[in-house]
Amino acid sequence: VQDAASGREPGSGGGEGSQRRWKEEICQILREIQAPLSPLLLRLCHWLLPKLLTRVFLGVQLHRGQLEMVLRAARTPEVPLVFLCSHQSQVDGPLLSFILLSQGIGLPRVAVGAGTSPRLRSLLQRLGGIFLPSGMAPTWSDLDEGLPGAVLDAYVQEVLRSRQPLVLFLEEPSASLRLADPARRWLLRLLRTLRDGAVPDVLVIPVGIAYDVAP
C-alpha cells in the first residue's frame, strides 16, 4: 500500500502532508469496502430471517454429509475457508450467511456485486457484505489498479489471516454460467494472498444453490 501511494506522487513520499492525504484516501477506500459490523442488526436479522424464509419457501434442504465435511474443515487450524458459490438470486448471500452462522462456522465476509443502492449497500456492509472500491479501473484489461487495488489486496490478506470465512459469488444472478468481472478481481486477490505467503493455505469449498422457483 505504501508503494502504491508513494508511486502516485513522485518525489513527495517523505512529506508529512502527503502521508496525511494518503492515510485519508486509504481510510476512504476501506470505508467503501466494508463498514463496522452491527451486533444489533446481526441479532435482528438472525431472528427475522427464519420468519422470512418460511414465508418465501416451502422448505430449505441442506445436505447433511456435506455440511459435516464443512464443519470438519472449519476446525482445521490456521487455514481459512473460502466458499466459491453459484449465484441464482439476491437471497443467496443472506441465506448462506445465516446457515454458516447458525452452524457455528462464523459470520462470513460476503462479496456483493455492483448496482446496489447506497442505503442497501450501507446496510449490507454492517451485516458482513464487502464491496469493490469505486476507484478501481472499470475495465479488466487495465492491470494497474493503483492504490484501491493495493488496499483491497491488504484487506483480503487481513480477512484470511484472521480466519474469517470469505464468500465469493462467481457469476451475476441473471447471467449465464460465466465468470463475472467482480469475481475475477476477488479471485485475483485470493491468488496474490497465497503467492505472497500471507496465509499458508486456504480451503476452497464449492457451494451450489438451487431453487425450484428463484425468488
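The entries below go from the whole chain to single residues.

**Entry 1: the chain**

I noted at the start that this is a predicted model. I counted eight helices and five strands in the chain. Read from the N terminus, the elements run α-α-α-α-β-α-β-α-β-α-β-α-β. I then checked the radius of gyration, which is 18 Å, close to the 17 Å that the globule rule gives for 215 residues, so the chain is as compact as a globular protein of that length. The C-alpha trace spans about 65 × 35 × 35 Å along its principal axes.

I looked up burial next: buried residues are 39% of the 215 in the chain.

**Entry 2: helix H7**

I turned to H7, residues 146-161. From first C-alpha to last, its 16 residues reach 23 Å, close to the 22 Å expected at 1.5 Å a residue. Is H7 mostly covered or mostly open? It is mostly covered, with twelve of its 16 residues buried. Among the buried ones I listed Leu-147, Pro-148, Gly-149, Asp-153, Val-156 and Gln-157.

**Entry 3: Pro-148**

Pro-148 is placed in H7. I recorded a relative accessible area of 10% for Pro-148, which is under the 20% cut-off, so Pro-148 is buried. Which residues does Pro-148 touch, once those up to four places away in sequence are set aside? They are Ile-29, Pro-133, Gly-135 and Met-136. I also took the C-alpha distance from Pro-148 to Gln-28: 9.8 Å in space, against 120 residues in sequence.

**Entry 4: Gln-157**

Gln-157 also lies in H7. Its relative accessibility is 16%, and therefore Gln-157 counts as buried. Not counting residues up to four places away, I found Gln-157 touching Thr-193, Asp-196 and Ala-198.

**Entry 5: Arg-189**

I went on to helix H8, residues 181-195, where Arg-189 is found. Is Arg-189 buried or exposed? Arg-189 is buried, at a relative accessible area of 0%. I checked what its side chain meets: there is a polar contact with the side chain of Asp-153, at 2.8 Å. Asp-153 is itself one of the buried residues in H7. Leaving aside neighbours within four places in sequence, Arg-189 is in contact with Met-136, Glu-145, Gly-149, Leu-152, Asp-153 and Val-156. I noted that Gly-149, Leu-152 and Val-156 are also on the buried list for H7.

One general point belongs here. An α-helix has 3.6 residues a turn, so residues three or four places apart point the same way.

**Entry 6: positive phi**

I looked at the backbone just after H7, where Arg-163 takes a positive phi of about 60 degrees. Arg-163 is not a glycine. I placed Arg-163 in the loop between H7 and strand S4 (166-169). With a relative accessible area of 32%, Arg-163 is partly exposed.

Glu-78 is another non-glycine residue with a positive phi, here about 65 degrees. Where is Glu-78 found? I located Glu-78 in the loop between helix H4 (64-74) and strand S1 (81-85). Its relative accessibility is 57%, and the cut-off for exposed is over 50%, so Glu-78 counts as exposed.

Technical notes
Residues numbered from 1 in each chain as written. Predicted model: local features only at pLDDT ≥ 70, side-chain atom pairs only at ≥ 80, totals over all residues. Heavy atoms only, no water. Helix = DSSP H or I, 4+ residues; strand = E, 2+ residues; numbered from the N terminus. Buried < 20%, exposed > 50% of the residue type's maximum accessible area, 1.4 Å probe, protein only. Contact = heavy atoms within 4.5 Å. Expected span 1.5 Å × (residues − 1). Polar contact = N/O pair within 3.5 Å; in protein donor to acceptor, adjacent residues only side chain to side chain. Rg over C-alpha atoms; globule rule 2.2 N^0.38 Å.
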